[in-house]
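I open these notebook entries with the contact between the chains and then turn to the fold of one chain.

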Amino acid sequence: MAIDYALRMGDGKKIFLSKDQLLEEIEAGSADAADLGEIPSLSGDELAKLSEILMMPGKTVSVEQGMEVPVTHDIGTLRIDGDQGNSGVGIPSSRLVGCMMHERAFGSDTMELGHIDYSYKPVKPVVANECQAMEVCQQNMIVPMLYGAMPNMGLYYTPDGPFENPGDLMKAFKIQEAWESMEHAAEHLTRDTVWVMQRLFASGADGINFDTTGAAGDADMYGTLHAIEALRKEFPNIYIEAGMAGECVLGMHGQLEYDGKTLAGLWPHEQAPLIEKAGANVFGPVCNTNTSKTSAWNLARAVTFMKAAVKASNIPCHVDMGMGVGGIPMLETPPIDAVTRASKAMVEIAGVDGI
Amino acid sequence: MGSKEELLSELSAAIVSCKKDSVIAAVEKAKGKLEPSEIIEKGLAEGMNEVGLLFERGKLFLPHVMMAAEAMTAGVKLLESEMPLGEKSKKLGVIVNGTVEGDVHDIGKSIVSTMLQSAGFEVHDIGRDVPTRTFIEKAKEVKADLIGLSALMTTTLQGQRDVIELLKEEGMRDKVKVMIGGAPATQAWAEKIGADCYAENASEAVAKAKELLQ
């Protein structure tokens, strides 16, 4: 009698697939990544291993003993005290309490202090508060504490910022003006991020996390790379982590380069060397979940991309995993069956150094 | 002289090159040998479809899309004198596009607006965090054929349902199509809330809008 295996769709809906269907899905997912990224698809053995992981009967699965990897975080303590649709569970607690919970109750290897608005630009007017919070956390904790936020260059465009929205300019066919707007915004992003982090490092921060690099496109990544470069130069020993916003750098500008490489259109294995060149210690590659495809398809695709990124990177890769990324369904609280299978596959097949 | 297929292929390739001069030259060459509607639909529009696919694959970028669109506009203009009255500068449809109330993400939505405009739709991009009623008011004002609703968070997805319900209350649901998109949106969600379609990305949004409004 044929057995059907419980899986998920990219939107979290539970489905059941036969072994043959499952194998078809993972082959197709891996092939899609290979086609887009011009990278090798998973080998026969790797596909077999992935199918084994997906067919395991337990609700949760785990990595083999000895293959455990460190975990880094994003969003600071927002997952505890956030309650406005921002991934939190709404437990009233100070940021110190939230950080210590992560360290002592959740067993986090590192922790991150983040602002409710979680972008670098809004931190500027309240940086004194952030410095004070960092100092208090450092005095009460042992694990490395980073400061994290998103570059979020979109905040530099109207109506939130001083530069005209390049999307609006492009719709009016004002392409040169759009390019200039993005270039100016990137300069401001670099300047502001460095300014904020100079203060946070002086307050004892052990490192910085650039979360969702490239969210506003290639100019966002350009500004971030230059910020990493500047921070590395000023703080040679600080820990810098740069995680991406998406699997492919969105070509809003199209002509910006870093180290002679056009940033637009880069896939994870092409992003990794540039992040390293800028001076980061850890790279967080991303693969987006397609909500209309199965988790088998999505995970095979994600593992294929991540494997290539790990191979191309000389710095550790901590794959971004969570809601809608890293082969995990798009849900605020992703189902544990999908999360653990994806984590196991990323460690044991893609060879990631952390999550 | 060039066969029909060669001429169409040149038109399409000229669009993909994103160069206005190349498009103008290809249109001039095809004029008189092919019907204007064929030049536009099977030559230039095919090229725009290819541009959309290349954009999704990260081979072409947004400025290229706009340059291709501008080149297409220039090419279509050359044919206007030969087109029947009423067909000149005909838009494929009127679309109101925005990000739903409570959601401030707009890059993806803006790209969709740009691609729809490039494809020949009249697009009214009303921005982000748009109050539900504003979608309806704008649709009435511009006599929209379709409303595009973007949501980037699971917590704001409900806004897509709210707009559809308000369209029903206003007695407009039969007259206005609804397309939804955004990372947490799915085909299953579209069916659940009664949207006409769901688009995974900007290229698909163009294809589905054309299907819905043809």
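How much area do chain A and chain B bury between them? I find about 2500 Å², 61% of it on carbon and sulfur atoms; buried area is the accessible area (1.4 Å probe) that two parts lose on being put together, summed over both. I note that A:Lys171, A:Phe173 and A:Met330 supply 24% of the area that chain A buries against chain B, more than any other three residues.

I record that this is a predicted model, in which local features need pLDDT of at least 70 and side-chain atom pairs count only at pLDDT 80 or more, while totals for chains, interfaces and linings use all residues. Residues are numbered from 1 along each chain as its sequence is written, chains are lettered from A and ligands numbered from 1 in the order in which they are written, and side-chain values use heavy atoms, with hydrogens and water left out.

**Entry: the interface**

I looked up the residues in contact (heavy atoms within 4.5 Å): chain A gives 30 residues and chain B gives 31 residues. I then looked up salt bridges, each a side-chain nitrogen of Lys or Arg within 4 Å of a carboxyl oxygen of Asp or Glu. There are four between chain A and chain B. One salt bridge joins A:Asp35 to B:Arg57, with the closest N and O atoms 3.0 Å apart.

Helices H1 (19-37), H7 (166-171) and H8 (175-202) of chain A each supply at least two residues of the side that touches chain B. Helices (H or I, at least four residues) and strands (E, at least two) are DSSP runs, numbered from the N terminus.

**Entry: the sheet of chain A**

I find an open sheet of five strands in chain A, in the order E3-E4-E5-E6-E9 and with parallel pairing; two strands pair if DSSP finds at least two bridges between them. Strand E3 (111-119) and strand E9 (282-284) of chain A stand at the edges with a single partner strand each, so one side of each has no neighbour in the sheet.

Strands E4 (residues 145-150) and E5 (residues 207-213) of chain A pair over four bridges. A:Leu146 has A:Gly207 in E5(A) as its bridge partner. H8(A) lies across E4 and E5 of chain A, at about 150° to E5(A); axes are lines fitted to C-alpha atoms, for helices over the stretch in contact, and angles run from 0 to 180 degrees between N-to-C directions.

**Entry: two helices**

The axes of helix H9 (residues 218-234) and helix H10 (residues 268-278) of chain A come within 8 Å and cross at roughly 35°. Among the residues in this contact are A:Leu225 and A:Ile228 of H9(A) and A:Leu274 of H10(A).
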